[in-house]
Amino acid sequence: MVIAIGFEGSANKIGVGIVKDGEVLANERETYITPPGEGFLPKETAQHHRSRILDILKRALAASGLSPQDIDVVCYTKGPGMAPPLLTVAIVARTVAQIWNKPILGVNHCIGHIEMGRLITKAANPTVLYVSGGNTQIISYACKRYRIFGETIDIAIGNCLDRFARIIHLSNDPSPGYNIEQMAKKGQNYVPLPYSVKGMDMSFSGILSFIEQKARPKGRQARKAKVEDADQWTDEDLCFSLQETLFAMLVETTERAMAHTGSREVLIVGGVGCNVRLQEMMSVMCEERDAKLFATDERFCIDNGVMIAHAGWEMFRSGTRMAWDETTITQRFRTDEVEVTWRDD
């Protein structure tokens, strides 16, 4: 029996989770929420995490009914992510490991999402679509590595959605992506947008620039155009159109990866994976290919400490150990850099 505690804080979520041999014992989390129209900056996000992490740790221990001596390994997010928040969490994890006299493991954030998804859904060897605020990747496992088949070549899909939410001043509570999803349900008209798939990779920045002009045109001619088009599209229409276009790109590239690998399973992970419309579109593709779709809800899609604890648990029980001078942070820590020691398939 191995009990692992995980600390996650790579972006605006701060969480602590505890797992015991695949059983979730605690999943405590808070979100740093900024005013509408504003994103979260690294310095302020780190300050928020510093102010909340000890209280969240206490709540996680209370929820699990465990004491520090029951913990076998301390795990934390090594990267990728924003440096100040990552550093805040790493310092707390290192301190706790020293005080409790426990081994410590740095976990790849992306691997945490994948292993959490596999645990909850029981997917065996799926093609993974990892979609979040900072990452967009299509991944498949082979020969002790999670191989990246395709990815964004500029901004992540979650970042694209979040930035558009700021443009139209949607609330960041509970998240901008969620509020775009709700507005999209009211959209009536599809606004044609650029569709940018480049082989197995995707580009989102041009789409964002294009739809930004639709949302807030500049200059006299643009204002006139907006008045003339006002009865044709609304912010709801734009949210609907943005979702449909971006998600179609994800479905296309995921299907291509499935065809290449012969996969019959798709697992959606990451914060954007909570989106019901994305799950619906992917489900249609999977049905046409006689494949199965796996996804989780917001408890496990959105960044959380449990996913770090579980991935660390997998690493620890397979024999992975880290020297103290290795327990640093790495802002650009790619998914395919990690040797997957815990899988034999």
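In this predicted model, histidine 109 touches Glu8, Ser10, Thr77, Gly79, Pro80, Tyr130, Asp303, Met307 and Ile308, leaving aside residues up to four places away in sequence. Histidine 109 belongs to helix α3. With a relative accessible area of 3%, histidine 109 falls under the 20% limit and is therefore buried.

**The annotated binding site**

- An unreviewed UniProt entry lists His109, His113, Tyr130 and Asp303 under "binding site".
- These four residues span 195 residues in sequence, yet no two of their C-alpha atoms are more than 12.1 Å apart, so they gather at one spot.
- From this set, His113 takes part in the lining of the largest cavity.

**Histidine 113**

- Histidine 113 also lies in helix α3.
- Is histidine 113 buried or exposed? Its relative accessibility is 2%, which is under 20%, so histidine 113 counts as buried.
- Beyond residues up to four places away in sequence, histidine 113 touches Tyr130, Val269, Gly270, Phe300, Cys301, Ile302, Asp303 and Met307.
- Val269, Gly270, Phe300 and Cys301, which histidine 113 touches, are also included in the lining of the largest cavity.

**The cavity**

- Rolling a probe the size of a water molecule over the atoms shows where empty space is left.
- Across the whole structure, the search finds 1 cavity of 30 Å³ or more.
- The volume of the largest cavity is about 40 Å³.
- Which residues line the largest cavity? The lining consists of His113, Met116, Gly117, Val269, Gly270, Thr296, Phe300 and Cys301.
- Helices α3 (109-121) and α10 (298-301) each supply at least two residues of this lining.
- Helix α3 provides the largest share, 3 residues.
- By residue type, the lining of the largest cavity has 4 nonpolar residues, 4 polar residues and no charged ones.

**The second largest pocket**

- The second largest pocket holds about 160 Å³ of space.
- Its lining is made up of 15 residues, and Gly106, Met315, Thr320, Met322 and Val338 are those that lie nearest its centre.
- Which strand gives the most to the lining of the second largest pocket? Strand β5 (residues 104-108) does, with 3 residues.
- The lining of the second largest pocket comprises 7 nonpolar, 4 polar and 4 charged residues.

**Threonine 254**

- Threonine 254 is placed in helix α8 (residues 235-261).
- The relative accessible area of threonine 254 is 0%, under the 20% limit, and threonine 254 is therefore buried.
- Apart from residues up to four places away in sequence, threonine 254 touches Thr127, Leu129, Ile138, Val266, Met282 and Met285.

**Confidence in the model**

- The average pLDDT of the protein is 95, and 95% of the residues score at least 70.
- Over residues 218-225, however, the pLDDT is below 50.
- Where pLDDT is low, the predicted coordinates should not be read in detail.

Terms used: Residues are numbered from 1 along each chain as its sequence is written. This is a predicted model: local features need pLDDT of at least 70, side-chain atom pairs count only at pLDDT 80 or more; totals for chains, interfaces and linings use all residues. Side-chain values use heavy atoms; hydrogens and water are left out. On a 1 Å grid over the protein atoms alone, a cavity is a set of points where a 1.4 Å probe fits but cannot get out, and a pocket is an open set with protein on both sides within 12 Å along at least five of seven lines; lining residues have an atom within 4 Å of a point. Grid points are joined across faces, edges and corners, and a volume is the space filled by probe spheres set on the points. Helices (H or I, at least four residues) and strands (E, at least two) are DSSP runs, numbered from the N terminus. Ala, Val, Leu, Ile, Met, Phe, Trp, Tyr, Cys and Pro count as nonpolar, Asp, Glu, Lys and Arg as charged, and the others, Gly among them, as polar. pLDDT is the predictor's confidence in each residue, from 0 to 100. Contact means heavy atoms within 4.5 Å. UniProt positions are given in the numbering used here, feature names are shortened, and annotations may be inferred rather than shown by experiment. Buried means under 20% relative accessible area, exposed over 50%, partly exposed in between (1.4 Å probe, protein chains only).
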